[in-house]
Amino acid sequence: MEENYMATTRNGHELKDMYNPETNTLDIRSNGLYPSNVFSNLYSNGFRFDGIVCGSMEGFLQSLKRKELDKQRQICSMRGGNARKMSVTSWQTDQIVWWKGQAIDRQSKEYQKLIRRAYQAMFEQSERFRAALMQTRGITLVHTSGEPSPYKTILTPSEFCGILTDLRDRYDLRDKTKELEEKSIS
């Protein structure tokens, strides 16, 4: 069942406006009004990544905590809430996460590249996610409910918001470059 991203209620609960005009920030929350809710990793922005179907970013992120390929695929395909229930903390001991049979140090540049590639794939494949992100031009994205320590979480709020901001800014730059090229041709 497709989520109504413009809804003002979900399961009988009012969704909250997460935009703060005083600070010009948008807090990313699954219980936020659009566009805040669409950025939540729990939101069902489905995409394919490295040939694997991801039902949500949460599914992808939780799958990284599992070494077994079959289990990883299963979790990857899940939507937000169900994927979150599959969370384990065993990876925290040695800070090793897994992707398609490869061990990756959670604290490495390789890990950061993997996460960024996954977000890039979702950005390219989900029109709703991309449109929502581009509507936040000039607004600072924050995620106040996340765990700040990279040793305790698969994605910190600063990593998360940094990735989204980079995606938005690079897409914006691409648009401006294309516009300039078109003007110089004509």
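Colleague: Among contacts in the protein chain with a separation of 6 or more, what percentage comes from residues 24 or more positions apart?

Modeller: A contact means heavy atoms within 4.5 Å. Here, residues 24 or more positions apart account for 56% of the contacts with a separation of 6 or more. Before going on, note that this is a predicted model, in which local features need pLDDT of at least 70 and side-chain atom pairs count only at pLDDT 80 or more, while totals for chains, interfaces and linings use all residues. Residues are numbered from 1 along each chain as its sequence is written, and side-chain values use heavy atoms, with hydrogens and water left out.

Colleague: How many helices and strands are there in the protein chain?

Modeller: Helices (H or I, at least four residues) and strands (E, at least two) are DSSP runs, numbered from the N terminus. The protein chain has eight helices and nine strands. Its C-alpha atoms fill a box of roughly 55 × 45 × 30 Å along the principal axes.

Colleague: What radius of gyration does the protein chain have?

Modeller: The radius of gyration is taken over C-alpha atoms, and the globule rule is 2.2 Å times the number of residues to the power 0.38. For 186 residues, a compact globule would come out near 16 Å; the protein chain has 17 Å, which agrees.

Colleague: What percentage of the residues count as buried?

Modeller: Buried means under 20% relative accessible area, exposed over 50%, and partly exposed in between (1.4 Å probe, protein chains only). In this chain, 45% of the 186 residues count as buried.

Colleague: How many residues are in the largest nonpolar core?

Modeller: A nonpolar core is a set of buried Ala, Val, Leu, Ile, Met, Phe, Trp, Tyr and Cys residues joined through side-chain atoms within 4.5 Å. The largest one has 41 residues, and Phe-60, Leu-64 and Tyr-119 have the most contacts inside it. Elements that each supply at least two of its residues include strand S5 (47–49), helix H2 (57–63), helix H6 (109–125) and helix H8 (157–185). The largest share, eight residues, comes from H6.

Colleague: With which residues is Phe-60 in contact, leaving aside its neighbours within four places in sequence?

Modeller: Among them are Phe-47, Phe-49, Cys-76, Trp-99 and Leu-114.

Colleague: How many aromatic pairs does a search of the whole structure find?

Modeller: Rings of Phe, Tyr and Trp (its six-membered ring) pair if their centres lie within 6.5 Å; planes under 30 degrees apart count as stacked, over 60 as edge-to-face and the rest as tilted. The search finds seven pairs. One of them joins Phe-49 and Phe-60 edge-to-face, at 5.3 Å centre to centre and 80 degrees between the planes. This pair links distant parts of the chain, with Phe-49 in S5 and Phe-60 in H2, 11 residues apart. Both Phe-49 and Phe-60 are buried. Phe-123 and Phe-129 are also edge-to-face, at 6.5 Å and 90 degrees. Together with Phe-39 and Tyr-171, Phe-123 and Phe-129 form one aromatic cluster.

Colleague: Which residues of helix H3 are buried?

Modeller: An α-helix has 3.6 residues a turn, so residues three or four places apart point the same way. In helix H3 (residues 69–76), the buried residues are Gln-72, Ile-75 and Cys-76. Seen down the axis of H3, they fall within an arc of 100 degrees (taken from the directions from the helix axis to the C-beta atoms), so they line one face of the helix. They pack against S6, H2, helix H4 (80–84) and S7.

Colleague: In what order do the strands of the open sheet come?

Modeller: Strands of a sheet pair through backbone hydrogen bonds, either parallel or antiparallel. Two strands count as paired if DSSP finds at least two bridges between them. The open sheet has three strands in the order S3-S4-S9, with mixed pairing. Its edge strands, S3 (19–20) and S9 (140–142), each pair on one side only. S3 and S4 (residues 25–27) are antiparallel over two bridges, and Tyr-19 stands opposite Leu-26. Elsewhere, S7 and S8 (residues 102–105) pair in the antiparallel sense over four bridges. S7 and S8 form a hairpin with two residues between them.

Colleague: Which residues have a positive phi, and which peptide bond is cis?

Modeller: Most residues other than glycine have a negative phi, and most peptide bonds are trans. Lys-100, in the turn of the hairpin, has a positive phi of about 50 degrees. Asn-24 has one of about 55 degrees, and Asp-50 one of about 50 degrees. Asn-24 is in the loop between S3 and S4, and Asp-50 in the loop between S5 and S6. The peptide bond from Tyr-34 to Pro-35 is cis, with omega near 5 degrees.
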